[in-house]
Amino acid sequence: MWHSRYRTSVLGPRPFRDAPSVSVDTRVIIDRRKLDHLPGSPGVYLFKDGEGEILYIGKAKSVRSRVRSYFGSDCGRGIRVQELVRLTTEVDTILVRSESEALVLEANLIKEHQPRFNIQLRDDKRYPFVKV
C-alpha cells in the first residue's frame, strides 16, 4: 500500500476568527496555515493529543477538506466533536490510492489503537460493509 505521512503541529493559542494574534482564548489548536498544505487526495487522518495518544481516526475522499472542516466554526457541532477539536494538537495523515483502501485502513487502525472518540468500530468482531 502506498502512503505518506504529513504532520502538523501546534502553533499556539487559538485566535478568534479574523482577530489579531493576541487572544484571551487559551485553547490550543493546529496551525491553520499547515491545514492548507494537507493533501487533497484520499486517505486516513489521525487526531492526536499533546502526549501523542491517538484520539480519533477518520477517512476522507479529500483529507484536506475533511480535516479543515473540524477546525471551522463551532456552530452546529456536538459537544463530542468540540471536545475532540479542543484536545487535538497534532494531525497525521496516511494517503492511499482509493476510498476503499482508506475504509479498510481506517477499520484496521481503529481496531488496533481503539481511540477514545471512535465508538462504532472498536470491537474486533465486524468489518464495515461496502456495497458494490
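Asp-36 and Arg-68 form a salt bridge through their side chains, with 3.3 Å between N and O. The two residues are 32 apart and belong to distant parts of the chain: Asp-36 sits in the loop between helix 1 (32-35) and strand 4, while Arg-68 sits in helix 2. The model in which this pair is found is a predicted one.

## Other salt bridges

The count of salt bridges comes to five. One of them joins the side chains of Asp-92 and Lys-48, at 2.8 Å from N to O. This pair also connects distant parts of the chain, with Asp-92 in strand 6 and Lys-48 in strand 4, 44 residues apart. Asp-92 and Lys-48 are both buried.

A further bridge links Glu-83 with Arg-86, whose closest N and O atoms are 2.7 Å apart. Here both partners lie in helix 3, three residues apart, or about one turn of the helix. Glu-83 has a relative accessible area of 27%, so this residue counts as partly exposed. Arg-86 is partly exposed as well, because its relative accessibility is 39%.

## Fold and overall figures

The protein chain contains four helices and six strands. Their order from the N terminus is β-β-β-α-β-β-α-α-β-α.

Of the 132 residues in the chain, 39% are buried. The accessible surface amounts to about 8300 Å², and carbon and sulfur atoms account for 52% of that area. Among contacts between residues at least 6 apart in sequence, 60% join residues at least 24 apart.

## The nonpolar cores

The largest nonpolar core has 16 residues, and the members touching the most others are Tyr-45, Phe-47, Tyr-56, Val-67, Tyr-70, Phe-71 and Leu-84. At least two residues of this core come from each of strand 4 (43-48), strand 5 (54-60), helix 2 (63-70), helix 3 (79-87) and strand 6 (90-95). Another core lies apart from this one; it has 10 residues, including Ile-57, Val-96, Ala-102 and Leu-105.

## Phe-47 and Val-67 in the largest core

Which residues does Phe-47 contact, once its neighbours within four places in sequence are left aside? The partners are Glu-53, Ile-54, Leu-55, Tyr-56, Val-67, Tyr-70, Phe-71, Leu-84, Thr-88, Glu-90 and Val-91. Among them, Tyr-56, Val-67, Tyr-70, Phe-71 and Leu-84 are also named with Phe-47 as touching the most other members of the core.

Val-67 is located in helix 2. With a relative accessible area of 0%, Val-67 is under the 20% cut-off and therefore buried. Leaving aside neighbours within four places in sequence, Val-67 is in contact with Leu-35, Leu-38, Tyr-45, Phe-47 and Val-91. Both Phe-47 and Tyr-45 in that list are core members that touch the most others. The C-alpha atoms of Val-67 and Thr-93 are 9.7 Å apart in space, and the two residues are 26 apart in sequence.

Technical notes. Residues are numbered from 1 along each chain as its sequence is written. This is a predicted model: local features need pLDDT of at least 70, side-chain atom pairs count only at pLDDT 80 or more; totals for chains, interfaces and linings use all residues. Side-chain values use heavy atoms; hydrogens and water are left out. A nonpolar core is a set of buried Ala, Val, Leu, Ile, Met, Phe, Trp, Tyr and Cys residues joined through side-chain atoms within 4.5 Å. Buried means under 20% relative accessible area, exposed over 50%, partly exposed in between (1.4 Å probe, protein chains only). Contact means heavy atoms within 4.5 Å. A salt bridge is a side-chain nitrogen of Lys or Arg within 4 Å of a carboxyl oxygen of Asp or Glu. Accessible areas come from the Shrake-Rupley method with a 1.4 Å probe; for residues, only the protein chains shown count as cover.
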